[in-house]
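Welcome! Take a moment with the sequence and the 3D view below, and then we will walk through the structure together.

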2 protein chains.
Amino acid sequence: MRSDAIWPSDRMQNLFGIDVPIIQAPMAGVAFSEMVIGVSEAGGLGSLACALFTADQIIEEVETIRRQTSRPINLNFFCHRAPKADAEREAGWKRVLEHYFVELGLDPTAVPSASGRGAFDSAMCDLVAELKPNVVSFHFGLPEKTLVARVKATGAKILSSATTVQEARWLEAEGCHAIIAQGLEAGGHRGMFLTDDVSTQMGTLSLVPQVVDSVKVPVIAAGGISDARQIAAAFALGAAAVQIGTAYLLSPEARMSPLYRQALRTEANQTAVTNVFTGRPARAIANRIVRETGPLSDVAPDFPLASRFSAPLRVASEAKGSTDFTPMWSGQSVRLARERPAREITQRLASETLAILSTC
Amino acid sequence: MRSDAIWPSDRMQNLFGIDVPIIQAPMAGVAFSEMVIGVSEAGGLGSLACALFTADQIIEEVETIRRQTSRPINLNFFCHRAPKADAEREAGWKRVLEHYFVELGLDPTAVPSASGRGAFDSAMCDLVAELKPNVVSFHFGLPEKTLVARVKATGAKILSSATTVQEARWLEAEGCHAIIAQGLEAGGHRGMFLTDDVSTQMGTLSLVPQVVDSVKVPVIAAGGISDARQIAAAFALGAAAVQIGTAYLLSPEARMSPLYRQALRTEANQTAVTNVFTGRPARAIANRIVRETGPLSDVAPDFPLASRFSAPLRVASEAKGSTDFTPMWSGQSVRLARERPAREITQRLASETLAILSTC
């Protein structure tokens, strides 16, 4: 589908070499090569979340993608600072969770030593130089300047998320080619990096125009955008593109347990921003651990250390058919998601948005 | 300005007898007759917040309005249930605030006995029958069925705010003529009434289309809407009108202290949803009392009892030129508000929105 002429803006299409200004949100643990292929083939920008992958896994996923599409792709990395080890804090968190370990027949002293979430580093930078993705997006700010310079030298366009006007200005000053304005409706980890105060975070409708007014680079609206009405709204707010995650969660390409998938379909579920799974605030379905220990805990260890404690609880409880301890990332518009393949979702979102824009 | 033909929907114009689908949000303590007159004369719907008024004050304000405009108006009432007196809770809250009383030279035992926020009752119902406003809007759900029936019998159209799909369905079933979908960007008190869990509340961009899909009556988008881009976005989301408060806060008609007005102009200020001023969650600038005792406190007394404690702190601290204890209600888009008269704000929002809608 080629529709450059009728989208309100073609800035992102030109910058990324895509046809449809829809970026599939990287969703670590859920979105793999098959989703990237579907979205990119529909003319959008598929994103591969690399945070939970080894270098070999990234290479393998990208090779799989490249065998099936020649379209532009985005590689996404976390760039958090290394957490401070804090034995006292960990002991406190263990005390909060201990009765769950006992309930599930687990040994609370036997938590894994590693969290499996690496931050972007020099080795990953070498990998980017080798794989040459068209776009590299970061979450939690940007890596150090020399790494950013090396990524830019590969020719990749650089993106990151802002949750405040201040963060947007910072990212522009540091050389981002475009900025994702992430409203608090968004599922998964908030990209916030100059503040840790969740209480002052803005909704997408408020944030996007304020960011648009504050930077010169194009702005990508994110957070709660799951249908064509919301994409049209994002353009009205001044965005040049949208980043969409939750709308793809019910696609067959989304890899998740049947329990998680069923929870996403359950209308009564609600989401909350919680730090109890990983240590950083992220939006997920408000299940038992979120309600009982959060949603925001002062005791949870720094990101990503908290995931060492939640992971064994999750595994044991899922084995019993329960999602009480499963991080079920979701944005606020999951009700609007459709159970269709990623390619079709992208095509429909594009054509329905253009239909709205042409009649309004 | 007549523009029925070019707004995407004329449902609200027809329902209320107005020309412009912009409702000025009732803002108790800030918006008085002069703001209502300005907005209604511009073709929108001016709203008089009655929560802090006596019956005589309401009559006086309405008489002032009626002398200067024959346009439709909205009278707004709180309809909270009477709070439970809880001596232990009040003692706990006093302990939290005691050092502020000492700091300001106040006697912590001498808090006022009344909070001054009356809920809609039979006497107010008589007043509505006498004053015959075109629209009556409620906050915190609806009053009891017999009162709703009496208000409807006066010919008034009835509105209330929903913060969830469940609340929207409830309001429709109870006979509301239209529903305000209030996203969490909104300034002032959240209208939530079937839940008290702020953590699961939705942003406007997520909430509005989900409410539109769930009810048959027209939906009014509210929360963070301060400029024409956001109004156009609300229509794209399926709203038939918008309710706007914060955009009027810098108008000369907004009655507030110079301290509050200056704080609204201060770019570095942020807002948070807090219950420390009144006992109910409401969005305000995150000042000292919000940051130090909230934003959400488990100890604050039920609405409106907490205001008995915050009021004397506010008065004493404002006398010293400080806003440390002032409830400075504001939505998340105050940066987009303009310092113009209410009538001109309304006219400009309407014409700029129509310009966006005609070119998108």
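This is a predicted model: local features need pLDDT of at least 70, side-chain atom pairs count only at pLDDT 80 or more; totals for chains, interfaces and linings use all residues.

## The axis and the two copies

Where does the axis come from? Two copies of a chain are related by a rotation about an axis and a shift along it.

## Where the chains meet

## The nonpolar core

The largest nonpolar core has 240 residues, and among these Ile220(A) and Ile220(B) touch the most other members. To see the surroundings of Ile220(B), set aside its neighbours within four places in sequence. Its contacts then include Met12(B) and Ile23(B), the run Ala178(B), Ile179(B), Ile180(B) and Ala181(B), and also Ala239(B), Ala240(B), Ala241(B), Val242(B) and Gln243(B).

Helix H3 (residues 55-68) of chain B has 14 residues. From its first C-alpha to its last, H3(B) reaches 20 Å, close to the 20 Å expected at 1.5 Å a residue. Which of its residues are buried? They are Ile58(B), Glu61(B), Val62(B) and Ile65(B). These residues cover an arc of only 95° around the axis, so they sit on the same side of H3(B). Asp56(B), Glu63(B) and Arg67(B), on the other side of H3(B), are exposed. The partners of the buried residues of H3(B) are helix H2 (33-41), strand S2 (46-49), strand S3 (73-78) and helix H5 (122-131) of chain B, against which they pack.

Now look at helix H7 (residues 165-173) of chain B, whose buried residues are Glu167(B), Ala168(B) and Leu171(B). They cover an arc of only 100° around the axis, which puts them on the same side of H7(B). There is packing between the buried residues of H7(B) and strand S5 (157-162), strand S6 (178-182) and helix H8 (204-212) of chain B. After H7(B) comes Gly175(B), which has a positive phi, near 100°.

Pro295(A) is in the loop between helix H11 (288-293) and helix H12 (307-319) of chain A. Is Pro295(A) buried or exposed? It counts as buried, because it has 23 C-beta neighbours inside 10 Å. Leaving out residues up to four places away in sequence, Pro295(A) touches Ala272(A), Val273(A), Thr274(A), Ala286(A) and Val290(A), as well as Ser199(B). Thr271(A) is 24 residues from Pro295(A) in sequence, and their C-alpha atoms are 9.8 Å apart in space.

Glu292(A) belongs to helix H11 of chain A. Glu292(A) counts as partly exposed, because it has 13 C-beta neighbours inside 10 Å. Between the C-alpha atoms of Glu292(A) and Leu313(A), 21 residues apart along the chain, the separation is 14 Å.

Key: Residues are numbered from 1 along each chain as its sequence is written. Chains are lettered from A and ligands numbered from 1 in the order in which they are written. A nonpolar core is a set of buried Ala, Val, Leu, Ile, Met, Phe, Trp, Tyr and Cys residues joined through C-beta atoms within 7 Å. A residue is buried if 20 or more other C-beta atoms lie within 10 Å of its own, exposed if 12 or fewer, and partly exposed in between; C-beta atoms are placed from the backbone. Two residues are in contact if their C-beta atoms, placed from the backbone, lie within 7 Å. Helices (H or I, at least four residues) and strands (E, at least two) are DSSP runs, numbered from the N terminus. The expected span of a helix is 1.5 Å times one less than its number of residues. The arc is that of the directions from the helix axis to the C-beta atoms.
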